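Welcome, and please open the structure in your viewer. We will take it one selection at a time.

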Amino acid sequence: MPVVVSISRKEIYFPNKSKKAHDCIWINYANIKDVTYFESTCTITFHDGSKLDCEHPKRIQQTLKQIFRYLNKNTPD
C-alpha cells in the first residue's frame with residue numbers, strides 16, 4: 001500500500017516487495033522516470049539515471065496505476 005507524503009510534489013512511497021521482506025525498498029514515485037516490464041521482472045529507471053530491478057512486475061504495475069489514478073483525482077489541473 002502506497003504512503004502519501006506530499007500530493008503537490010507527487011511524493012508517494014511504495015514498497016518494491018512485501019513490507020515484511022528484509023530487503024524491501026521503499027520507492028518514491030516522484031523519482032521514477034520510466035519502468036520497463038518483462039515477464040518475471042521489471043526495471044525502474046530513476047531521473048538520476050540509476051536503475052532498480054524488481055521482481056513481481058504485475059504488483060509494481062498495479063501500484064503505479066493506482067498512484068497515477070489517485071494523483072489525477074487529487075491534484076488540481
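This is a predicted model: local features need pLDDT of at least 70, side-chain atom pairs count only at pLDDT 80 or more; totals for chains, interfaces and linings use all residues.

**First stop: a strand pair**

Now widen the selection to residues 11-15, which form strand β2. Between β2 and β3 you will find antiparallel pairing over three bridges.

**The whole sheet**

You now have an open sheet of three strands, paired antiparallel in the order β1-β2-β3. Which strands stand at the edges? They are β1, residues 3-6, and β3, residues 26-28; each has a single partner strand, so one side of each is left without a neighbour in the sheet. Turn the view to follow the twist, which averages 25° from one strand to the next.

Next, select residues 57-74 to bring up helix α1, which packs on the sheet. The helix touches β1 and β2, and its direction makes about 160° with that of β2.

**Two loop residues**

Go to the loop between β1 and β2 and pick out Lys-10. Although Lys-10 is not a glycine, it has a positive phi of about 55°.

For the last stop, select β6 (51-55) and move on to the loop between β6 and α1, where His-56 is found. His-56 is not a glycine either, yet has a positive phi of about 60°. With a relative accessibility of 41%, His-56 counts as partly exposed.

Notes. Residues are numbered from 1 along each chain as its sequence is written. Side-chain values use heavy atoms; hydrogens and water are left out. Two strands pair if DSSP finds at least two bridges between them. Helices (H or I, at least four residues) and strands (E, at least two) are DSSP runs, numbered from the N terminus. Axes are lines fitted to C-alpha atoms, for helices over the stretch in contact, and angles run from 0 to 180 degrees between N-to-C directions. Contact means heavy atoms within 4.5 Å. Buried means under 20% relative accessible area, exposed over 50%, partly exposed in between (1.4 Å probe, protein chains only).
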